[in-house]
Amino acid sequence: MKSGRYLLSKKKKWLMCVKYFSTPCLVALFCLTSCTAKWVKAPEDQKSKFATWVDAPRSDYKVVPGDDLSALFPLNPELNYEAPVAPDGDWSMPLAGTIKAGGQTLEQINQSINHTLAQKRITSDAYASVSVRSYAGRIYVAGQVKKPGPVSIQNDMDALQAISAAGGFLDSARSKEIVVIRRSEDGRPMVRAVNINALIRHGDPQQAVVLQAFDTIFVPQSSIVEADQWVEKYITKIVPFNQSLNYNIGNAGFYK
């Protein structure tokens, strides 16, 4: 009889747990998980692993085949030229001939052009200024998008355009806090959060971050989805109550 009373008492405790697990409690849990889902700053001992975010292009960017280059000559505008880099990394331009561009920085290409034009006695003060008109490199979109993976980068492409190229957000995406990851010149990652909602609804220019080749965009799950998973993992599997129950907040009772 004692063991029977013990089992009844244990069952009663489970029922009481379900009974008082009312809607306000669920709301509190959702609020709690929403708060903990916010991005956390890197610990003090980890800050040295991250670089300060800068929007300027890397000065040590190395050209790859397919990059579309533009060469401007301030004192000799007739030499101005635009063309893509060949698959073998060569870049051919009138008078200067073939310049090795693949794997070179823009400054190295400038020096090669200046040296070649001077050597051929075309001009000794070329002062070439080479820039990338469009990149052949990719950016990478991961997380809660329909088609995660590499995306071709276009000039002045922002995070919203990249996500659109990746098929758009999934319903589970947290569009208010996507993350852009970029490598600094010393190889450390730079991280920036972007609020796509603010960009779409209010045209916030601070959220229109211009992407660069090899940037990574990560779209996390929404706080609601994380809360659902938390409740499923820590509540539903521990307290096996019927999720179709309706709760009477007034008297903390329940009924079907």
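In the predicted model, strand β1 (68-72) pairs with strand β5 (residues 129-134) in the antiparallel sense, the two being joined over five bridges. Within this pairing, Asp68 stands opposite Ser134 of β5, and Ala71 faces Val130 in that strand. Strand β1 is also joined to strand β2 (residues 81-84), again in an antiparallel arrangement, through four bridges, and here Ser70 has Glu82 of β2 as its bridge partner.

Together the three strands make up an open sheet with antiparallel pairing, in which the order is β2-β1-β5. Because β2 and β5 each have a single partner strand, they stand at the edges, and one side of each is left without a neighbour in the sheet. From one strand to the next, the twist averages 25°. Helix α3 (residues 106-119) packs on this sheet and touches both β1 and β5, its direction making about 130° with that of β5. As for strand β1, four of its five residues are buried, and the strand is therefore largely enclosed by the rest of the structure.

Phe50 forms, with Ile181 and Val191, a nonpolar surface patch of about 220 Å².

Notes. Residues are numbered from 1 along each chain as its sequence is written. This is a predicted model: local features need pLDDT of at least 70, side-chain atom pairs count only at pLDDT 80 or more; totals for chains, interfaces and linings use all residues. Side-chain values use heavy atoms; hydrogens and water are left out. Patches are made of residues with over 30% relative accessible area and no salt bridge: like charges are joined within 9 Å, nonpolar side chains (Val, Leu, Ile, Met, Phe, Trp, Tyr) within 5 Å. Accessible areas come from the Shrake-Rupley method with a 1.4 Å probe; for residues, only the protein chains shown count as cover. A salt bridge is a side-chain nitrogen of Lys or Arg within 4 Å of a carboxyl oxygen of Asp or Glu. Buried means under 20% relative accessible area, exposed over 50%, partly exposed in between (1.4 Å probe, protein chains only). Two strands pair if DSSP finds at least two bridges between them. Axes are lines fitted to C-alpha atoms, for helices over the stretch in contact, and angles run from 0 to 180 degrees between N-to-C directions. Contact means heavy atoms within 4.5 Å.
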